[in-house]
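Subject: Handover of a structure and notes on it

Dear colleague,

Please find the structure that I am handing over to you below. I would be grateful if you could read the notes that follow with the coordinates open beside them.

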Amino acid sequence: MKLEIKDLTKRFGSFTANDGIDLTIEPGEIHCLLGENGAGKSTLMNMLYGLLDPTSGQIVIDGEPVTFATPKDAIAAGIGMVHQHFMLVPVFTVAENVMLGREQTSAPGVLSRRRASARVRELSSAFNLAVDPDRLVEDLPVGVQQRVEILKALANEAKVLILDEPTAVLTPQEIDELMAIMRRLKEQGTSIIFITHKLREVKAIGDRISVIRRGKLVGTADPSASEAELAEMMVGRSVSLRVEKENRTGGDVVLRADQVTVIDPRGHQVVKDVSFEARAGEVVGIAGVQGNGQTELIKSLLGLVKPDAGKVLLNGEDISRHGTRKSLEAGIGYVPEDRGHDGFVGEFSVRENLVLDLYRSSEFSHAGTLRHDAITANARHRIEEFDIRTESMETPVGSLSGGNQQKVVVAREFSRPLEVLIASQPTRGVDVGSIEFIHKRIIEERDTGTAVVIVSTELDEIYALADRILVMFDGRIVGEAGPDTPREEIGLMMAGAHQSTEESA
Ligand SMILES: Nc1ncnc2c1ncn2[C@@H]1O[C@H](COP(=O)(O)OP(=O)(O)OP(=O)(O)O)[C@@H](O)[C@H]1O
């Protein structure tokens, strides 16, 4: 199927999010879409998938102009999309989810459970997806859940598959597996539109690479273009892809986790007797596959969950029963992994979100009254410093692009004096230009003597920042390594060395 986008424009009020975009997706090609945060990639994809109405322009499939009122129309025309947030029902099996996908699109011939199972098995083996139709979705690792989404699209006979930042949530091994699946889809004639911020991936798999900047198509490159060239096309200036830093050993212990154990609401020990320390002026990188206890460990450091055993000490004082506000006030900065849930309030403006947990400080309030001038001046400064792309400081954060939402959270947490900075996936969904900036700021924070703890599933990020690397697997810290340890070694520890799972085998 040949998909043509002709002079497509989308305006939100006076703001032009897509400006006369022309793009052709050839049958069986992997077409990568690159662009800085807020460039307009998701807007373009949402028009292709019937979620947004174009302001002007055309979508043409095999020479015929089409219009999509809803995703149902797009699906019927052969377009599938895997969103960043999966649309699966966790308590249903894989086959049930695939059935549900068919019902929701009113595709001809709603599948029975038995036929759905058989269809899943058939597609799974044709594309080597290794998905068991009878497993509950909630029991599957993220990477396998993503394959279920791909399966759903294939069951609806997608000929063009849109993958919106699919690798942001995957481990290095899962990314390799996804790439193999993408190649297989391509061999069988499916076209893929692949959105990512990772230039390495684009070069590894793309047939062509289109770059969008501020709503306009800048150009289409081929994969022989260097990472530096692509980065420059994206942001319009040269970007340094590696942080300049010297490794540090750290001073006094600032934060100490002492035999911390956390039991989740289902009674599982998710953090098992974890001890580590973060020293002044060092970056401790916690590497690990998503779901190995990092999230709960971090929450326990902040008082968002109380450890079931053990202690958290800040400068020697036990803060594990303090509660979050006190921890933040005591000088812990926090960039959460789930920014939408823990990082900002979507309905509040950019200006308000930039002081969310700081508004009680003397800088922003006096005798119980907010100092609006100071709050506004702070917003103006941070928006410029962090290059937050927003129509105005009054825009609700919920309507910013994903990467710009992340910049709001990071900007706020970096704007106060910190003893400890705890950042979980600090650059998730953030473009290369902003990664460069955030990484530089993290190192500057370290160099002022802050103890920094970075949790990341991105080995590139761990290597770029960490002075010391801890690896978490199955709730425990299974290894500590220096910043020069080979990737494979860390990768093996992250995978639990020889304890491979059925799905990732
Ligand atoms: N419903 C909306 N109303 C107003 N503005 C919007 C709406 N949806 C998107 N925008 C704006 O359009 C611009 C493009 O956003 P879009 O989500 O397409 O960017 P993106 O390239 O996908 O960015 P990211 O890499 O950060 O995900 C942003 O400035 C965003 O704030």
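The model is a predicted one, in which local features need pLDDT of at least 70, side-chain atom pairs count only at pLDDT 80 or more, and totals for chains, interfaces and linings use all residues. Residues are numbered from 1 along each chain as its sequence is written.

Domains

The domain assignment gives domain 1 (3–235), domain 2 (247–331 + 418–498) and domain 3 (342–416); such bounds come from an automatic or database domain assignment. Between the C-alpha centres of domain 1 and domain 2 there are 33 Å. Their contact takes 15 residues from domain 1 and 15 residues from domain 2, where two residues are in contact if their C-beta atoms, placed from the backbone, lie within 7 Å. On the side of domain 1 that touches domain 2, helix H6 (172–187) and helix H8 (227–235) each supply at least two residues. H8 gives the most to that side, with three residues. Helices (H or I, at least four residues) and strands (E, at least two) are DSSP runs, numbered from the N terminus. By class, the side of domain 1 that touches domain 2 has nine nonpolar, four polar and two charged residues. Here Ala, Val, Leu, Ile, Met, Phe, Trp, Tyr, Cys and Pro count as nonpolar, Asp, Glu, Lys and Arg as charged, and the others, Gly among them, as polar.

The shell around the ligand

The ligand is surrounded by 19 residues, and the closest are Asn 37, Ser 42, Thr 43, Ser 401 and Gly 403. A residue is near a molecule if its C-beta atom, placed from the backbone, lies within 6 Å of it. The shell draws at least three residues from each of domain 1 and domain 3. Strand S2 (15–25), helix H1 (41–48) and helix H14 (402–413) each supply at least two residues of the shell. Its residues divide into five nonpolar, 12 polar and two charged.

Helix H14

H14 has 12 residues and spans 17 Å from its first C-alpha to its last, close to the 16 Å expected at 1.5 Å a residue; the expected span is 1.5 Å times one less than the number of residues in the helix. Of the 12 residues of H14, 11 are buried. A residue is buried if 20 or more other C-beta atoms lie within 10 Å of its own, exposed if 12 or fewer, and partly exposed in between, with C-beta atoms placed from the backbone. The buried residues of H14 include Gly 403, Lys 407, Arg 412 and Glu 413. They pack against strand S16, helix H11 (339–343), helix H12 (350–353), helix H13 (372–385) and helix H15 (432–447).

Strands

S16 (residues 332–335) is covered on both faces: Ile 332 and Tyr 334 are buried on one side, and Gly 333 and Val 335 on the other. S16 runs parallel to strand S19 (residues 420–424), and four bridges join them; two strands pair if DSSP finds at least two bridges between them. Ile 332 stands opposite Val 420 in S19, and Tyr 334 has Ile 422 as its bridge partner. S19 is largely enclosed by the rest of the structure, because five of its five residues are buried. Val 420, Ile 422 and Ser 424 point one way from S19, and Leu 421 and Ala 423 the other way. S19 also pairs with strand S20 (residues 451–456) in the parallel sense, over five bridges, and Ala 451 in S20 is the bridge partner of Val 420.

Elsewhere, an open sheet of four strands has the order S12-S11-S14-S15, with antiparallel pairing. Its edge strands are S12 (269–279) and S15 (317–318), each of which pairs on one side only.

Two positive phi angles

Most residues other than glycine have a negative phi. Asp 7, in strand S1 (residues 3–12), has a positive phi of about 50 degrees. Asp 7 is exposed, with 12 other C-beta atoms within 10 Å. Ala 367, in the loop between strand S17 (365–366) and strand S18 (369–370), has a positive phi near 50 degrees. Ala 367 counts as exposed, with 5 C-beta neighbours inside 10 Å.

With kind regards
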